[in-house]
Amino acid sequence: ASVCTAEELESGVVVIELGASGTGLCAVADGEICHQSALAFGAQELTEDLARGLGLAVAAAEPVKRAHACALAWLVDEREEVTLPRGGTSVSRRRLSALCAPLLDGLLAAVATRVASLDLGRTGSPTCVLTGGGAALAGLVEHAEIVLGMPTRLGRQRALGGAADGGGGLEHVA
């Protein structure tokens, strides 16, 4: 509820929380939770794939992912280069981003399969809200819109009545 609008909760919403070690999925229709599940995929797996693909240590791949990876490689200018933290070598940002595609395609396809079995559109047009640290990946909103076929946005935590004051960043959203 802290990342959804009242309209979304009534008309149908899918909240995807992309954390480091896992992905949580919650669907709400008519103001009621109609589905909850977890997927064994987290943003850390994406970092590990980038590390293997770029020949970097996982610790070095994380800041590269955050600063330069894009969920949809075709959104990236093919001439853009990224200097890697190992010896000043560079790689095309499009190639770096293309390394993300297989895992993200799989994740979003798994979400789409679960959402397809739900009747979210019975009271309106459902939306998708992305939260968690992994949701900050450039192009992920657009990728989710394409695969899920629904409007998608980043969720920003807002205070709920009686809730303790939180940090408000994507990494603090539950």
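How many helices and strands does the chain have? The chain has six helices and seven strands. This is a predicted model. Along the sequence, the elements follow the pattern α-β-β-β-α-α-β-β-α-α-β-α-β. Of the chain's 174 residues, 45% count as buried.

**The chain as a whole**

- Take the contacts between residues at least 6 apart in sequence: 59% of them join residues at least 24 apart.

**The nonpolar cores**

- The largest nonpolar core has 38 residues. V14, I16, L54, L96, V111 and L130 have the most contacts inside it.
- Several elements each supply at least two residues of this core: the strands β1 (13–18), β2 (23–29) and β6 (127–131), and the helices α2 (43–54), α3 (58–68), α5 (101–116) and α6 (140–148).
- Helix α5 gives the most to this core, with five residues.
- Another core, of seven residues, lies apart from the largest one. Among its residues are V3, C4, V13 and C26.
- What does L96 touch, beyond residues up to four places away in sequence? The list is L50, L54, V64, H68, A69, V82 and V91.

**Helix α3 and its cover**

- A61, E62, V64 and K65 are the buried residues named in α3.
- Helices α2 and α4 (93–98) are among what covers the buried residues of α3.
- An α-helix has 3.6 residues a turn, so residues three or four places apart point the same way.

**S97 in helix α4**

- S97 sits in helix α4.
- Is S97 buried or exposed? S97 is buried, because its relative accessible area is 0% and the cut-off for buried is under 20%.
- Neighbours within four places in sequence aside, S97 is in contact with H68, A69, C70, A73 and V76.

**The cavity**

- Rolling a probe the size of a water molecule over the atoms shows where empty space is left.
- The count comes to one cavity of 30 Å³ or more. The largest cavity holds about 40 Å³ of space.
- Which residues line the largest cavity? They are I16, L18, L107, L108, L130, T131 and L140.
- β1, α5 and β6 each give two or more residues to this lining.
- Six of the lining residues are nonpolar, one is polar and none is charged.

- D30 lies in the loop between β2 and β3 (32–39).
- Most residues other than glycine have a negative phi. D30 is not a glycine, yet its phi is positive, at about 55°.
- D30 counts as partly exposed, with 31% relative accessibility.
- P85 lies in the loop between β4 (81–83) and β5 (90–92).
- P85 is exposed, because its relative accessible area is 53% and the cut-off for exposed is over 50%.
- Neighbours within four places in sequence aside, P85 is in contact with L56, A60 and V64.
- P85 and P63 are 22 residues apart in sequence. In space, they are 9.5 Å apart, C-alpha to C-alpha.
- V64 links several of these topics. V64 is buried in α3, touches L96 and is in contact with P85.

Note on methods
Residues numbered from 1 in each chain as written. Predicted model: local features only at pLDDT ≥ 70, side-chain atom pairs only at ≥ 80, totals over all residues. Heavy atoms only, no water. Core = buried A, V, L, I, M, F, W, Y, C linked by side-chain atoms within 4.5 Å. Buried < 20%, exposed > 50% of the residue type's maximum accessible area, 1.4 Å probe, protein only. Helix = DSSP H or I, 4+ residues; strand = E, 2+ residues; numbered from the N terminus. Contact = heavy atoms within 4.5 Å. 1 Å grid on protein atoms, 1.4 Å probe; cavity = no way out; pocket = protein on both sides within 12 Å on 5 of 7 lines; lining within 4 Å. Points joined across faces, edges and corners; volume = space filled by probe spheres on them. Nonpolar A, V, L, I, M, F, W, Y, C, P; charged D, E, K, R; others polar.
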